[in-house]
Amino acid sequence: MTFLSPHILWFLPLVSLPIIIHLLAKRKSKLIDFPSLKFLKLLEQDALRKFNLKQLILLIIRTLMILLIILVFARPSLNMSGGIGVYARSVNLLIFALDNTASNQTNFGNLSGTWLKKFSSDLSEKGFRIYFCGISNFELKDSPDEIASSYANIFKGNIQKRLDDQIDLEQYRLKSLVWIGDGQDVREKLEELAEWNKFLYQESVSNDHGISSLKLPGQGIRMGEQYTLKVSLEHALETPEPLALELTVNENRQNQAVIDIDINTVDLSGRVNEIGFQYGRLHLSADDYNYNDERHFILPASGNIPVQILRTRQIPDFWKIIESAVETKNISLEIRILEFNQIDNLNLGQGGTVIIDDASELVDYNWNRLESFVELGGQLILFGDGGQRMRDLLQFENPLILENNPLPLGLYIARDAAKSLNTSPLEAVISQDRLKVFSRYNVGADELKETWVRYLDDQPFVGAQKLNKGRIIWFNTEFKTAATNLPLLGIFPTLILQFCQSQVLKAQSELYNAEIGDTLHFFPSAIAGENTPYNIQRPDGTTDYLTPDSNYIITYEHSNLPGVYTLSRGRQIVQPLAVNVSTHEAQAHGRRYEFEDTGIFVSEQQETLMTELLERRSGMAFWPILLIVLLVLWVAETYLSRIKSNWRKNV
């Protein structure tokens, strides 16, 4: 048995009231001397027996009446399944999960209307403990009014664990979840709820078209150049009219196309008419739902892939040689050479490659910035030993031990090299024994995930380690002529330029483009004596003011709207980022999802859903029966209390 209002049971001590009143109202007998008491005493004993029997019955009835009144208000129900027992909490848990993600935003008002409040109220009266949540976070609420629609994605974690962290699921003998939405993701996500009753109240959506994804150029584009955008589209089949697709760059319309509903991909060309960031917007019109009709993007149009070098001064200046080679051969790299005391001026927000020719100069503050830079798609090239922080990033288990050798160490090209670089020039140098290395670090094991050149004893000489979207390249030697003659060889500029150009990946454009819910990272350059605050202009026109953290990184976690987020300092634009709904959430509606053999009950009718929920519930209301028993006891008490007490005269 389950009590739906268990707090009423605190009134159970009131059951003792009739007993207390009876004991207090019991009168004491008076002693009266009377001759010949023999027959009177016999008569008194018989009368008292009859009198006590009546009072005892009334006492029991009145006690039961108070007990039943308390139980009726506590609303007990009988467990139809789950065994015999008495439980002080609700046996039926029911959670309404509303689809408040981007893909259902336009239709959300139909999900959380007055019908849901009445629907849940009726079920609550029938023994269900009701909660509400949005599927973007599964945060339980007591009312659907507390759930708002947003451009969020569906919750990516484990639903069962998320719910159990908020309420004790073990207290409920039967658990049910009603998913209210268009049906997207229901099958996959509800498979996590193994012992639950699962329902889908499906809201049909039609006449929807959308831009599901956008593929950007993978490298920097130059002034006057054209580039191609590959646009993927999705359509609901109910609307046969063609659609207009428009491309706007820097607030100027550049291109447009007419899209028939049988076209799912289209190429649009853009052109760089002004240097700097290209603020792009694709707009598809027109349909009844606008959550997926737009795509924003940022393309940097500096023309070259940025390469920033932190150097130690040497004669000759090897990095200046590389810079000259780039300018002479018109290679698409933008070389920027800095001293170590200018490390705060590294522009990590533009991606590309950062080269550190003496990793031992870096402190924790520098490593933190560089780690975030690599994780977001940058490339870091290191020489030497950067201490524990470098070993942590490269996942080395053992410390590095410096070895100096009077004779050069032999080298050979590993099998992994051919996958990442053109090995022909390097093979020629190594085969002719012109590359000499006198100083290296003993790694202790081959712990680099990808080794391109090895020493003859299989120690790594140069190789790479991926870190999220970017990678770290490590040279196992010092950048000094006493340690190696690599900087002196003509192969060295070729090798460095090859590494830098091999970073022409889509991560270069992805660096400026994110999704709703992503944490945005901005990398402003530290300017001495500059106190002007940074501000982020949001797509809705509002502004947030922020300051960099101890690693001089601005982290922004409120990317809840699609559009462009621009980091500025005064009137200077430091770094823009474009944010969009995810490709998955941008799918067009109109499709029907299959739920056979899933155990999910699907309905588009409220009455059908109500009937199925009631048929599966685990308890039957018991308090109406108690109310009837209470009425019978009241009638019996009324009749018995009216029996006159002059029955003694008839004895």
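1. In this predicted model, residues 24 or more positions apart account for 72% of the contacts in the protein that have a separation of 6 or more. The protein has 15 helices and 32 strands, and buried residues make up 50% of its 651 residues.

2. The crossing in which H7 passes H12 is right-handed. On the H7 side the contact is made by Trp319, Ile322 and Val326, and on the H12 side by Phe492, Pro493, Ile496 and Leu497. Sorted by class, this contact of H7 with H12 holds seven nonpolar residues, with no polar and no charged ones.

3. The largest nonpolar core comprises 42 residues, of which Trp319, Leu333, Ile355, Trp452, Phe461, Phe475 and Phe499 touch the most other members. H12 gives the most to this core, contributing seven residues. Apart from it lies another core, of 29 residues, which includes Val354, Phe373, Leu394 and Phe396. As general background, nonpolar side chains tend to be buried together in soluble globular proteins.

4. Which residues does Ile355 touch, not counting residues up to four places away in sequence? They are Val307, Gln308, Ile309, Leu310, Trp319, Ile381, Phe383, Ile496 and Cys500.

5. A cis peptide bond joins Ile315 and Pro316, with omega at about 0°.

6. Phi of Asp185 is near 75°, a positive value in a residue other than glycine, and Asp185 is found in the loop between strand E5 (174–181) and helix H6 (186–190). Asn250, likewise not a glycine, has a positive phi of about 50° and lies in the loop between strand E9 (243–249) and strand E10 (252–259). Since buried means under 20% relative accessible area, Asp185 counts as buried at 14%, and Asn250 is buried with a value of 16%.

7. Thr423 sits in the loop between helix H10 (417–420) and helix H11 (424–431). Is Thr423 buried or exposed? Thr423 is buried, with a relative accessible area of 13%, and, leaving aside its neighbours within four places in sequence, it is in contact with Ile413, Ala417 and Ala418.

8. Val581 lies in the loop between strand E30 (572–580) and strand E31 (600–603), and with a relative accessible area of 3% Val581 is buried. Its C-alpha atom is separated by 8.3 Å from that of Leu561, 20 residues apart along the chain. Leaving aside neighbours within four places in sequence, Val581 is in contact with Ala102, Tyr151, Tyr291, Arg295, Ile516 and Ala586.

Technical notes: Residues are numbered from 1 along each chain as its sequence is written. This is a predicted model: local features need pLDDT of at least 70, side-chain atom pairs count only at pLDDT 80 or more; totals for chains, interfaces and linings use all residues. Side-chain values use heavy atoms; hydrogens and water are left out. A crossing is left-handed if the near helix is turned anticlockwise from the far one by less than a right angle, and right-handed if clockwise. Helices (H or I, at least four residues) and strands (E, at least two) are DSSP runs, numbered from the N terminus. Contact means heavy atoms within 4.5 Å. Ala, Val, Leu, Ile, Met, Phe, Trp, Tyr, Cys and Pro count as nonpolar, Asp, Glu, Lys and Arg as charged, and the others, Gly among them, as polar. A nonpolar core is a set of buried Ala, Val, Leu, Ile, Met, Phe, Trp, Tyr and Cys residues joined through side-chain atoms within 4.5 Å. Buried means under 20% relative accessible area, exposed over 50%, partly exposed in between (1.4 Å probe, protein chains only).
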